[in-house]
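Please look at the sequence and the model first, and then read on.

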Amino acid sequence: MSRTIAALYRFLYAGVLSRLPEPAAIALGQSVLRRVPLDRLGWFQIDDPRLAIRLGGVSLPNPVILAAMYYDPAILSRAMGLGFGAVTAKSITRQARPGHPQPNLVRTLTGAGPGLVNCNGFQNPGLDAFRASLASVPHRVPLIVSVAGESIDDYVTLVRGLGPLGELIEFNISSPNTKLVYEWSTKPGELAALLREVRAATTKPLIVKVSPDFAETNEREIIPAALKAGIRIVNYGNTRKVTERRLSQGEGGLSGPDLFPATLENLRRTRRVFGADLEIIATGGVDTPDKAVALLQEGANAIGYFTGFVTRGPILARQILERLCERR
Ligand SMILES: Cc1cc2nc3c(=O)[nH]c(=O)nc-3n(C[C@H](O)[C@H](O)[C@H](O)COP(=O)(O)O)c2cc1C
């Protein structure tokens, strides 16, 4: 059944979604997610206690996480019924942000498969409006709230404001689309202070989301500083910064299968260096069950993806879960 749905979605993606201009395809996809009760069809979830994991002490029904991108509460609610073990909300900033002008998302197609490059620029409703909208989201699976700021004070305010509404908190120091967030990785001293202050601001489990563009700094400075501050979960990682003339900013974050080899390599190295002290969410390029299994076999506690949700459809989570069940 899931194979048929996956094949139908591939046909829909190749024949329709990938031919529409990007803004129209996004509007169509999000409108379907909002309006069509896909989660009630029973096609997507697998309830099998063998798949359950703990992340930062929180129970997840399975290790497959929807990575940060959506902030609409209707879509977050829906995604919670589409097989994921946890759903991550988009990174929220203190004030609302309109994001960068169009074009801010384009498709890529390489030998590895279909991907995206975005310069979204943190389009989001801001802390107060997002907090209010989250009240309507039932936590059918854990919600990971994500925060992004330009100062320590921003992060502390965001973590205090949003923390009570999520089971885990991810703090984003790695999106390449706004200079000030991306630059945290170039200031490890200040970043160490940020990690300490954020840790002191909440009792919830914290995830630091790092950039694949700073592998050496992550290993030498950022992850050791996170562990020292008492932050034990790393999401490795975000998009990779690339030049892209079609985008309004002339550059953006690459996501999708081109990231996968680096995701696997970064995971292997990080696990080897930091051992079992660290919990790792491996994100970047997962768009098949084989890739998800490879990351879990190499020591990821959980895997995350976003682009695969768009290019392979909502059925991908179920396909991964089926494969994991076969292996248990
Ligand atoms: C359009 C778009 C928006 C994104 N927004 C965020 C965000 O707000 N915060 C964040 O940490 N990552 C964000 N990401 C990065 C994803 O969560 C993920 O880390 C990245 O796309 C790599 O995974 P993938 O190859 O499975 O997509 C965004 C990605 C895309 C494509």
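## The ligand and its surroundings

Of the 22 residues around the ligand, those that come nearest are A68, S91, K209, G256 and T307, where a residue is near a molecule if one of its heavy atoms lies within 4 Å of it. This is a predicted model, in which local features need pLDDT of at least 70 and side-chain atom pairs count only at pLDDT 80 or more, while totals for chains, interfaces and linings use all residues. Residues are numbered from 1 along each chain as its sequence is written, and side-chain values use heavy atoms, with hydrogens and water left out.

The shell around the ligand is made up of seven nonpolar, 13 polar and two charged residues; here Ala, Val, Leu, Ile, Met, Phe, Trp, Tyr, Cys and Pro count as nonpolar, Asp, Glu, Lys and Arg as charged, and the others, Gly among them, as polar. Polar contacts (pairs of N or O atoms within 3.5 Å) reach oxygen atoms of the ligand from the side chain of T307 at 2.6 Å, from the backbone of G285 at 2.9 Å, and from the side chain of N238 at 3.4 Å. Taken alone the ligand exposes 610 Å², of which the protein buries 98%, with accessible areas taken from the Shrake-Rupley method with a 1.4 Å probe.

## Salt bridges

The whole structure holds 19 salt bridges, each being a side-chain nitrogen of Lys or Arg within 4 Å of a carboxyl oxygen of Asp or Glu. Three of them are listed here.

| Pair | N to O distance |
|---|---|
| D39 and R78 | 3.1 Å |
| K241 and E251 | 3.4 Å |
| R268 and E298 | 3.3 Å |

D39 is buried, at 11% relative accessibility, and R78 is buried with a relative accessible area of 11%, where buried means under 20%, exposed over 50%, and partly exposed in between.

K241 is partly exposed at 31%, and E251 is partly exposed at 33%. R268 in helix 9 (residues 260-274) pairs with E298 in the loop between helix 10 (289-297) and strand 14 (302-305), so the two tie together parts that are 30 residues apart in sequence. Salt bridges that share partners also join D39, R78 and R140 into one network.

Methods: A polar contact is a pair of N or O atoms within 3.5 Å; within protein, one must be able to donate a hydrogen and the other to accept it, and residues adjacent in sequence count only if both atoms are side-chain atoms. Buried means under 20% relative accessible area, exposed over 50%, partly exposed in between (1.4 Å probe, protein chains only). Helices (H or I, at least four residues) and strands (E, at least two) are DSSP runs, numbered from the N terminus.
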